[in-house]
Amino acid sequence: MMIPSFLSYGSEFKSFGLLWQFARYPILIGEGGTLYSSVTTAILRGMDAVLVQVEADVSAGLPVFEMVGFLASEVKEAKERVRTALKNCGYQLPAKRITISFSPAGIRKSGSGFDLAVAIAILAALGVVSVRETEKKIFLGELNLSGKIVPVSGVLSMLAEAAEQGYETGVVSQKSLSEAALISGMDVAGFYHLKQVVSYLNKKETMYMTAPQFPDEKGEKYFEGEQLDFAEIHGQKLLKRACEIAVAGRHHLLMIGSSGAGKTMAAKRIPSILPPMTEGEKLEVAKIYSICGIFDKTQKWSERRPYRSPHHTISPSGLAGGGGNPMPGEISLAHNGVLFLDELTEFKASTLEILRQPLEEKRVQIVRAHGNYTFPADFILIAAMNPCACGHYPDMQKCRCSESDIQKYKNKISQPLLDRIDLCIKVEKIPYEKLYETGQEESSAKIRERVIQAHERQKRRYEKEEFFYNSQIPAKKIGKFCNLDTEQKELMNCSYENFDLSILSYHKILKTARTIADLEDCAEIKTEHLHEALCYRAIDRNFWESER
C-alpha cells in the first residue's frame with residue numbers, strides 16, 4: 001500500500017499504524033521512506049575539469065552521515081562543515097541514515113568546492129528544494145559554518161566544461177562572477193548565502209547577481225595607463241633592438257652584462273611592447289589564474305599579457321608546478337606572456353634544467369600516481385646574468401675572480417639550455433655623457449606598433465599551419481619558411497662550422513632572421529638579416545668560449 005507524503009514541523013504523526021518522528025523543520029517523507037537526489041559539481045584535473053555527480057540518499061536506519069567515493073581528507077571534512085552550516089541556516093538533519101556518494105568513484109576527489117553541492121543534494125533529498133530544479137545546474141562553492149558561500153579555485157574551467165556538456169546554469173559564490181564573465185552559452189547566478197540558493201531553487205529568490213558582461217572600457221584604459229617606457233632608456237640601441245626582435249617572433253633572450261648596465265631596466269619595459277591578447281589567449285590565461293586562485297579582474301580584463309619575475313630562490317615545483325594535487329607553476333603563469341629570470345646563475349641548476357622541456361614543447365607535464373597533468377607553457381623567456389660572480393669581467397682592473405671561478409660561474413648554465421635561447425646580447429654600461437642626452441628616444445608605443453605588424457604578417461603566413469609565430473616553426477618546415485639562396489647557404493655553412501653550432505641553434509638563427517625580415521616587411525630573408533641573427537649567436541659563443 002502506498003504511504004502518502006506528509007509535511008510536519010516537529011510533531012509526531014500517527015497514520016496506518018506507523019509512528020513517524022519528524023525533525024522540527026520541514027522534511028518531506030516520500031514513498032517507502034527512502035529519499036534520493038543527485039546534483040552536479042566538478043573537480044579540476046590539471047587544466048581541465050571533470051563533472052562529478054553528488055548523490056544523496058536519506059533512509060531509515062541508525063543515524064549516520066557517511067560520504068564515499070575516493071575522497072581526500074578535506075572532502076571528508078565537508079560533512080562537518082555542511083552539517084553545521086545546515087543547522088545554522090535552520091535545516092536540522094533528521095535522525096536517519098544519510099549517504100553521500102561522489103561519482104565517478106575512480107577519480108580522487110580533493111578540494112573544498114563540494115560543500116555547496118553536498119548541501120543542496122541533502123536538501124533536495126529531504127524535499128526542502130525540488131529535485132527537478134537542480135537539473136541542468138552545476139553547484140560550485142565552499143560553505144563556512146554560518147552558511148556563507150566561499151569562492152573556490154578553478155571555477156572558470158569547471159563552468160566551461162559544464163557549458164560544453166549542455167548544462168544551462170552555474171550556481172557560484174558572488175565573488176566568482178568576474179571569472180564567469182568569460183563563459184558563453186551558460187547563465188551564471190552568484191549568491192552570498194546558502195539560504196539565497198534555497199530560495200532561488202524554490203523560485204522565491206528574485207534578486208541575485210549574474211556574471212557581468214565583458215570586456216568593458218576599463219580594461220582598455222588600464223592597458224593604456226601608466227607603464228614603464230623604452231623612451232626612458234638612453235642609448236642601449238642593441239639592447240632595445242634585441243627586445244623588439246624577441247617579442248616580435250616570440251624568441252628567448254639572454255642578456256649578459258655587469259651590474260647596473262640596464263638589463264633589468266629593459267626587461268621591466270618589455271610588457272609595454274607586448275601586443276594585446278586575443279580572446280582565445282585571454283581565456284587560456286584566465287583559466288590558469290583561476291586554477292591557482294589568483295584570478296584578478298583588473299589584470300584579466302585588460303589587454304596586458306602576463307609578466308612573471310620569480311626570485312632565484314624558487315623551488316623546482318614552484319617554477320614548473322606540482323604538489324599532491326598538481327597546480328601550475330610560474331612557467332604556466334607566464335603562458336602567452338613573459339617569464340623574466342633575473343640573476344640567472346643564482347638559480348639552482350636543477351631548477352633551470354626544468355626549463356628545457358617547456359621551452360621546446362610549450363607545455364609542462366606532471367606525472368603522479370593518480371594521474372597525468374598537463375599545463376600550457378608558451379612563454380617568452382627573458383634572462384639576465386652577470387659575466388662573473390663579481391660582475392666586472394672582462395674589466396681586469398675591477399674583476400676579483402680567478403679563472404677557475406669564472407669558468408665555474410659560466411658552467412652554471414648548461415649548453416643544452418643555451419641552445420634553446422634564440423638571442424644572446426652583451427649589455428655594456430652607458431657612458432656618462434649619454435645619461436644627459438636630450439635626443440628623443442623611441443617610445444614603447446612605436447615599437448609595439450612594429451611588433452603588432454610583424455605578428456600580423458606571421459599569422460597570415462601561417463594561417464594554414466598549426467603554429468602562429470616564427471619561433472614555433474618546426475624543423476621539417478624550416479626550408480619552406482626560411483628559404484635561403486646559394487650565397488646565403490654558403491654563409492650559413494661557414495657559420496655552422498666556425499661557431500660549432502648544434503642543429504637546434506642553427507635553426508634558431510634562421511627563425512630569428514625570419515623575424516628580422518618581418519620587422520622590415522621583407523617577404524624573403526636577406527643576407528643582412530642573417531648577419532644580424534648570427535651576431536646574437538656569436539656573442540653567445542664568444543662569451544662562453546673566452547679565456548681569461
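1. Helices and strands here are DSSP runs, numbered from the N terminus, and a strand has at least two residues. In this predicted model, Ser38 falls within strand E5, which covers residues 35–45. The protein has 22 helices and 23 strands in total.

2. Apart from neighbours within four places in sequence, Ser38 touches Gln53, Val54, Glu55 and Thr134. Glu135 is 97 residues away from Ser38 along the chain, yet their C-alpha atoms are separated by 8.5 Å.

3. For the protein as a whole, consider contacts between residues at least 6 apart in sequence: 71% of them join residues at least 24 apart. The chain has 548 residues, and 51% of them count as buried.

4. The average pLDDT of the protein is 85, and 86% of the residues score at least 70. Over residues 214–225 the pLDDT is below 50, and the model gives this stretch 16 contacts beyond near neighbours in sequence. Residues 1–33 also have pLDDT under 50, with 60 contacts beyond four places in sequence. Where pLDDT is low, the predicted coordinates should not be read in detail.

5. Which residues line the largest cavity? They are Ile43, Leu44, Arg45, Arg108, Ser110, Gly324, Asn325, His370 and Tyr373. By class, this lining divides into three nonpolar, four polar and two charged residues. The volume of the largest cavity is about 60 Å³. A search of the whole structure finds three cavities of 30 Å³ or more.

6. The largest pocket is a separate item, with a volume of about 510 Å³. It is lined by 28 residues, of which Lys362, Phe467, Ser471, Gln472 and Ile473 are the closest to its centre. The lining of the largest pocket has eleven charged, nine nonpolar and eight polar residues. Helix H10 (279–291), helix H15 (356–361) and helix H21 each supply at least two lining residues. Of the elements, H21 gives the most to this lining, with four residues.

7. H21 is mostly covered, with 14 of its 17 residues buried. After H21 comes Asp521, which has a positive phi, near 60°.

8. Which residues of H18 are buried? They are Ser444, Ile447, Arg448, Val451, Ala454, His455, Arg457 and Gln458.

9. Two further residues deserve a look for their backbone angles. Phe70 is not a glycine, but it has a positive phi of about 60°. Phe70 sits in the loop between strand E7 (64–68) and helix H1 (73–76). Arg250, also a residue other than glycine, has a positive phi near 60°. Arg250 sits in the loop between helix H8 (237–249) and strand E15 (253–257).

10. Are Phe70 and Arg250 buried or exposed? Phe70 has a relative accessible area of 45%, so it is partly exposed. Arg250 has a relative accessible area of 4%, which means that it is buried.

11. The bond that joins Ser103 and Pro104 is cis, with omega about 5°. Pro104 lies in the loop between strand E8 (97–103) and helix H3 (115–125).

Technical notes
Residues are numbered from 1 along each chain as its sequence is written. This is a predicted model: local features need pLDDT of at least 70, side-chain atom pairs count only at pLDDT 80 or more; totals for chains, interfaces and linings use all residues. Side-chain values use heavy atoms; hydrogens and water are left out. Buried means under 20% relative accessible area, exposed over 50%, partly exposed in between (1.4 Å probe, protein chains only). On a 1 Å grid over the protein atoms alone, a cavity is a set of points where a 1.4 Å probe fits but cannot get out, and a pocket is an open set with protein on both sides within 12 Å along at least five of seven lines; lining residues have an atom within 4 Å of a point. Grid points are joined across faces, edges and corners, and a volume is the space filled by probe spheres set on the points. Ala, Val, Leu, Ile, Met, Phe, Trp, Tyr, Cys and Pro count as nonpolar, Asp, Glu, Lys and Arg as charged, and the others, Gly among them, as polar. pLDDT is the predictor's confidence in each residue, from 0 to 100. Contact means heavy atoms within 4.5 Å.
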